[in-house]
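Open the model in your viewer and keep the selection panel at hand. The tour below goes stop by stop.

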Amino acid sequence: MGEQPSLRASYRETPSEYWLSRGEDVLAVFEFGRSPLESADPRHVPVALEQLGTPAMVEVWQCEGPIKTGNWDRLRFAQGEQLTMGHIALDLRETGTMRESSRMAYDILQTYLQQSPHQWPLKIWNYIPGINLGSGDDELYRQFCLGRADAVLIDPGDRPPLPAATAIGSPPGEHALQVYFLAAALPGLDVENPRQVSAWRYPRQYGPRSPLFSRGTILRLNGSQQFLISGTASVVGHQTHHENQVANQLSESLRNVQSLLEEGFRLTGDSYARLDDQGLLKVYIRNRDDLDLIRQTLEAEAPAQIPRIYLEGDICRENLLTEIDGIVSMRQKKS
Ligand code: 3EB
């Protein structure tokens, strides 16, 4: 046990062209501040969110090759020995309403996965232009959730495996709804957070259809385990805490992640994860003026040097100012 992680995810200063020219083990290269409609290669995933702070980084996913790439309907994919990355960018000017577009993205994603050797999505990232536009049930995030629930062929009451997820707002002028994922041949181990109501059980006040995701999943492959952490905000129970207080929201988000990782240890019985150098962390920030305060708060509360980047993005509730997600390796705990 304790082998190399199956997915090696890192932030790098070397530009995307370098990684894309290295065929053997590169599954994906995420480039920030670029329209998803401008993907140059199936492994190239431009993300509309701007990176805040310097130096400019790309996110690189590496795994065991050979890596096969292709297109399937409007989805582009890269398939390694044991893991697949796929991404979809739908031009909202062509695909209709947010609900219709979300449904279409998830229909494509599911029909792709059904015929793939790696059928199980472990984590799905959703970047939604103008996520908070519209009021009440017309809000684009709620409409996105409706479309996702229209497409997803499961009854959360049955407690099927659900992927972890992140849903963040991209700039309102961006035309693409973007969905990308990591999938494997077996489902991940779902982890819910004891401090939070499961998202699929959120009460009606948050929208007509609940978001469908687990708080985290554990990927188990080749004797190593990795924790895929969903977008985690200052939500306790189902309520937003620390309205208008970005530093306190970040602290609460970190407590939520800590509690999630402890629950992962409880479920596996022998493996634990922490925010250390064996992982990476994304910090989403609604207002770029909060960058310095967020950075100081994170440095004070997560002193281990976890590689991190800061991205400008809106959070799915108007009163949330920041959110974090990440991928961390689990270690065997000696008893
Ligand atoms: C929350 O706790 C914050 O709709 O896929 C986090 C992660 C959030 C994923 C999603 C939403 C989603 O409810 C929002």
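**Stop 1: Arg331 and its partner**

Select Arg331: at a relative accessible area of 32%, this residue is partly exposed. Keep in mind that the model is predicted. The side chains of Arg331 and Asp276 form a salt bridge, 2.9 Å from N to O. This pair links distant parts of the chain, 55 residues apart. Arg331 sits in strand β20 (residues 322-332), while Asp276 lies in the loop between β17 (271-273) and β18 (279-285).

Stay on Asp276. Is Asp276 buried or exposed? Its relative accessible area is 6%, so Asp276 is buried. Next, show Arg274. Asp276 also forms a salt bridge with Arg274, with the closest N and O atoms 3.5 Å apart. Arg274 is partly exposed, at a relative accessible area of 41%.

**Stop 2: along helix α5**

Select helix α5, residues 246-268. Pick out Glu263 and Arg266, three residues apart, about one turn of the helix. Their side chains meet in a salt bridge of 2.9 Å, N to O. Colour by accessibility here. Glu263 is buried at 13% relative accessible area, whereas Arg266 is exposed at 58%.

**Stop 3**

Select Asp137, Glu139, Arg142 and Arg204 together: a network of salt bridges links them. Across the whole structure, a search finds 22 salt bridges. Then move to Tyr202 and show its ring. Arg317 lies over the face of Tyr202, 5.3 Å from the ring centre.

**Stop 3: the ring cluster**

Switch to aromatic side chains. The structure holds 14 aromatic pairs. Zoom in on Phe30 and Tyr180. Their ring centres are 4.6 Å apart and their planes meet at 35°, so the pair is tilted. Phe30 belongs to strand β2 and Tyr180 to strand β11 (residues 176-184), 150 residues apart in the chain. Phe30 is buried, at 0% relative accessibility. Tyr180 is buried too, at 0%.

Definitions and conventions
Residues are numbered from 1 along each chain as its sequence is written. This is a predicted model: local features need pLDDT of at least 70, side-chain atom pairs count only at pLDDT 80 or more; totals for chains, interfaces and linings use all residues. Side-chain values use heavy atoms; hydrogens and water are left out. Rings of Phe, Tyr and Trp (its six-membered ring) pair if their centres lie within 6.5 Å; planes under 30 degrees apart count as stacked, over 60 as edge-to-face and the rest as tilted. Helices (H or I, at least four residues) and strands (E, at least two) are DSSP runs, numbered from the N terminus. Buried means under 20% relative accessible area, exposed over 50%, partly exposed in between (1.4 Å probe, protein chains only). A charge sits over a ring if NZ of Lys or CZ of Arg is within 6 Å of the ring centre and within 35 degrees of the ring normal. A salt bridge is a side-chain nitrogen of Lys or Arg within 4 Å of a carboxyl oxygen of Asp or Glu.
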